[in-house]
Amino acid sequence: MVASVVDVGPPADWVKINVQQTKDCFEVYALIPGLLREEVRVQSDPAGRLVITGVPEQPENPWGITAFKKVVSFPAKIDHVHTSAVVMLHGRLLIRVPFEQ
């Protein structure tokens, strides 16, 4: 297993996360449909954890989009300073997490 993903708080099964390891980083692919870039926050720490949170502007919505917090734990130390995240079209989130040098 490349990484473990756990929900903090109520489960958010509608958020899908896949992690792959490349030669120089972990790549985290997340599906967060219905959320805008301003509604998503990504934080990382040198201990090897990535925290992804989402809070919709309209918590009462007919699509079932709820606030969530997911913690991704990696088996190696990461370079939290150079971690980058991009929210793309259709609720796709790509996060590159480099290994610690």
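In which order do 4 strands form an open sheet? The order is β1-β6-β5-β4, with antiparallel pairing. The model is predicted: local features need pLDDT of at least 70, side-chain atom pairs count only at pLDDT 80 or more, and totals for chains, interfaces and linings use all residues. Residues are numbered from 1 along each chain as its sequence is written, and side-chain values use heavy atoms, with hydrogens and water left out.

View 1. Strands (E, at least two residues) are DSSP runs numbered from the N terminus, and two strands pair if DSSP finds at least two bridges between them. The edge strands, β1 and β4 (40-45), each pair on one side only. From one strand to the next the twist averages 20°; axes are lines fitted to C-alpha atoms, and angles run from 0 to 180 degrees between N-to-C directions. Antiparallel pairing of β5 with β6 covers 6 bridges. Thr53 has Lys69 of β6 as its bridge partner.

**View 2. The largest nonpolar core.** Such a core is a set of buried Ala, Val, Leu, Ile, Met, Phe, Trp, Tyr and Cys residues joined through side-chain atoms within 4.5 Å. Buried means under 20% relative accessible area, exposed over 50%, and partly exposed in between (1.4 Å probe, protein chains only). This core has 21 residues, of which Val28, Leu50, Ile52, Phe74 and Val97 touch the most other members. Two or more residues come from each of β3 (25-31), β5 (49-54), β6 (68-73) and β8. Leaving aside residues up to four places away in sequence, Phe74 touches Ala3, Val19, Phe26, Val28, Gly48, Leu50 and Val97, contact meaning heavy atoms within 4.5 Å.

**View 3. Aromatic pairs.** Rings of Phe, Tyr and Trp (its six-membered ring) pair if their centres lie within 6.5 Å; planes under 30 degrees apart count as stacked, over 60 as edge-to-face and the rest as tilted. The structure holds 3 aromatic pairs. Trp14 and Phe68 form an edge-to-face pair, because their ring centres are 5.7 Å apart and their planes stand at 90°. Trp14 lies in the loop between β1 and β2 (16-21) and Phe68 in strand β6, so this pair ties together parts 54 residues apart in sequence. Trp14 is partly exposed at 22% relative accessible area, whereas Phe68 is buried at 5%. The pair of Phe26 and Phe74 is stacked, because the centres are 4.5 Å apart and the planes at 20°. Phe26 sits in strand β3 and Phe74 in the loop between β6 and β7, 48 residues apart; both are buried. Ring pairs join Phe26, Phe74 and Phe99 into a cluster.

**View 4. Salt bridges.** A salt bridge is a side-chain nitrogen of Lys or Arg within 4 Å of a carboxyl oxygen of Asp or Glu. The structure holds 4 salt bridges. In one of them, the closest N and O atoms of Asp7 and Lys70 are 2.7 Å apart. This pair links strand β1 (residues 4-7), which holds Asp7, to strand β6, which holds Lys70, across 63 residues. Asp7 is partly exposed at 29% relative accessibility, and Lys70 is buried at 6%. Arg96 and Glu27 also form a salt bridge, at 3.0 Å from N to O. Arg96 belongs to strand β8 and Glu27 to strand β3, 69 residues apart. Glu27 is buried at 15%, while Arg96 is partly exposed at 33%.

**View 5. The loop at His90.** His90 lies in the loop between β7 (84-88) and β8 (92-98). Its phi is near 60°, a positive value in a residue other than glycine. His90 is exposed, with a relative accessible area of 70%.
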